[in-house]
Amino acid sequence: MNEITTIAKDIYYVGVSDSDIRTFDIIMKTANGTTYNAYLIKTDEGVIILDTVKEEFAELFFEKIEALCSYDEIRYIVMHHLEPDHSGALPELVRRAKNVKIFVSPLATNMLKSITHSDTMDFEVVSTGKVLECGEKRLRFLSTPNLHWPETMSSYLEDEKILFSGDIFGSHYYDDRLFDDLVGDFDYAFKYYYDHIMRPFKSDVLNALKLYKELDIDIVATLHGPIIRSNPQKYIALYDQWSTKSQRSGGKKIVSIFYVTSYKNTKLMAQKIYEGIESIEGVIANIYDLSALDEPSMLNILEESTGILIGAPTINGDLPRPAWELLSCMMLLEKRGKVGGSFGSYGWSGEAPEMIFERMRGLNFRVPIEPLKVKLIPTQEELRLCYDFGVEFGEIVMGKMVEITL
Ligand code: FEO
């Protein structure tokens with residue numbers, strides 16, 4: 001969208017489109033391209049710019065600004081998020097608009113200095129409750145961290161009832177008709193964006209929704225994709241639904257045991273560990289053969305689980321691919337409060353359980369029990385150790401405190 005579009009009286013879209021992009025942030029597919037949304041608010045006492053755009057699109061962004069005001073009129077810049085797709089044009093904007101004050105969240109301070117390479121700029125950190133009054137406009141700040149970087153925040157233009165949400169509620173979906181009621185069907189992009197960007201931060205999404213629910217919102221002005229004005233509550237409700245924990249386990253804690261097996265020895269271990277976990281009241285254990293599980297299923301299971309155990313044999317001194325795939329998809333999950341562990345049967349060197357253990361520790365799982373390893377076929381005594389391992393793991397998931405060896 002390379003036109004200047006009016007969002008509401010004195011509020012303009014000055015964002016840009018990136019229609020040809022097909023991969024965003026390395027991991028995301030963008031079949032319909034994307035947009036870098038930015039906004040300009042005119043008041044009797046000067047102009048407010050809300051966010052900038054990716055650096056390579058800066059000139060168009062500046063052309064749009066220049067069509068609406070002079071740089072001397074710009075008094076404030078609000079940066080809801082400092083990722084380069086939104087802060088790319090900020091250093092040049094600060095050079096051109098010399099008398100601006102920048103508003104950011106408290107956690108943005110150091111990053112703002114790194115981006116602008118200036119120690120002398122005028123900026124203020126703001127949190128929920130702070131209101132910027134400029135002419136007849138009142139912009140209320142909302143602390144909404146971790147959506148999806150620590151420094152993210154939102155703001156709400158009170159009289160116009162516009163929520164400037166930041167990345168949340170965005171879509172990587174370019175359509176120059178810009179508004180959700182005018183563009184094509186972008187539902188797939190809205191969900192895909194949630195799954196790949198916001199899903200690891202469900203608790204923070206729910207915290208933000210608490211703030212948003214106190215507002216009367218007519219328009220959600222996102223940082224990517226369509227501006228939502230036809231039914232904002234529908235999209236807010238979807239985020240609520242996707243971020244709210246399933247109650248299917250009836251209050252019990254779920255432990256999921258994933259395994260890969262060559263000669264059924266690791267599977268035997270998994271079965272005994274399962275029996276040990278199941279003996280603990282308040283826990284539901286489930287076993288999954290990783291060789292027949294796709295990523296969406298893995299993610300759903302992992303998300304519902306408080307405890308996650310992964311078992312694998314060692315092949316050529318390494319962890320087999322299905323286990324690596326499980327570990328790599330965990331970047332799309334909230335790991336807070338999860339307990340992890342590993343096990344496996346091995347023939348020679350047996351590194352796989354340690355590899356799982358270290359990866360889980362790196363992902364900030366709690367990993368309170370050392371990996372359990374068995375050489376080739378488990379004996380009856382080793383199967384009893386597997387059972388005991390399951391019992392202890394189940395107890396820890398239920399809150400038993402253990403000393404963690406580092
Ligand atoms: Fe759209 Fe997190 O940057």
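The legends below describe an overview and several close-up views of one predicted model.

The model is predicted, with local features requiring pLDDT of at least 70 and side-chain atom pairs counted only at pLDDT 80 or more, while totals for chains, interfaces and linings use all residues. Residues are numbered from 1 along each chain as its sequence is written, and side-chain values use heavy atoms, with hydrogens and water left out.

The secondary structure of the chain comes to twelve helices and 21 strands, where helices (H or I, at least four residues) and strands (E, at least two) are DSSP runs numbered from the N terminus. Along the principal axes, the C-alpha atoms fill a box of roughly 80 × 45 × 40 Å. Of the 406 residues in the chain, 55% are buried; buried means under 20% relative accessible area, exposed means over 50%, and partly exposed is in between, with a 1.4 Å probe and protein chains only. Among the contacts in the chain with a separation of 6 or more, 69% are between residues 24 or more positions apart, a contact being heavy atoms within 4.5 Å.

**View 1. The largest nonpolar core and the surroundings of Phe61.**
A nonpolar core is a set of buried Ala, Val, Leu, Ile, Met, Phe, Trp, Tyr and Cys residues joined through side-chain atoms within 4.5 Å. The largest one has 63 residues, and the members that touch the most others are Phe61, Ile65, Ile74, Phe169, Tyr212 and Tyr239. Helix α5 (residues 187–198) gives the most to this core, with six residues. Apart from it lies another core, of 25 residues, which includes Leu299, Ile301, Leu302 and Met360. In soluble globular proteins, nonpolar side chains tend to be buried together. When neighbours within four places in sequence are left aside, the contacts of Phe61 are Val14, Val16, Ala38, Ile49, Asp51, Thr52, Val53, Ala89 and Leu93.

**View 2**
Strand β8 (residues 46–50) is largely enclosed by the rest of the structure, because five of its five residues are buried. Strand β7 (residues 39–43) runs antiparallel to β8 and is joined to it by five bridges, where two strands pair if DSSP finds at least two bridges between them. A hairpin of two residues connects β7 to β8, and Ile41 stands opposite Ile48 in β8. With strand β9 (residues 74–78), β8 pairs in the parallel sense over four bridges, and Leu50 has Val78 in β9 as its bridge partner. Together with helix α1 (residues 58–68), β8 and β9 make a right-handed β-α-β unit; a crossover is right-handed if, with the strands pointing away from the viewer, the path from the first strand over the helix to the second runs clockwise.

Strand β20 (residues 339–346) is mostly covered, with eight of its eight residues buried. Val339, Gly341, Phe343 and Ser345 point one way from the strand, whereas Gly340, Ser342, Gly344 and Tyr346 point the other way. Strand β19 (residues 307–311) runs parallel to β20 and is joined to it by five bridges, with Ile310 opposite Ser342 in β20. From β19 the chain crosses through helix α10 (residues 321–328) to β20, in a right-handed β-α-β crossover. Strand β21 (residues 372–375) also runs parallel to β20, over four bridges, and Ser345 stands opposite Val374 in β21.

**View 2. His148 and its polar contacts.**
His148 lies in the loop between β13 (137–143) and β14 (153–157), and is buried, with a relative accessible area of 14%. The side chain of His148 makes polar contacts with the side chains of Glu83, at 2.9 Å, and of Asp167, at 3.0 Å. A polar contact is a pair of N or O atoms within 3.5 Å; within protein, one must be able to donate a hydrogen and the other to accept it, and residues adjacent in sequence count only if both atoms are side-chain atoms. Not counting residues up to four places away in sequence, His148 touches residues including His81, Ile197, Met198 and Phe201.

**View 3. Cys69 and the closest cysteine sulfur.**
The structure holds zero disulfides, a disulfide being a pair of cysteine sulfur atoms within 2.5 Å. For Cys69, the closest cysteine sulfur is in Cys134, and the distance of 12 Å is too far for a bond. Cys69 is buried, with a relative accessible area of 8%.
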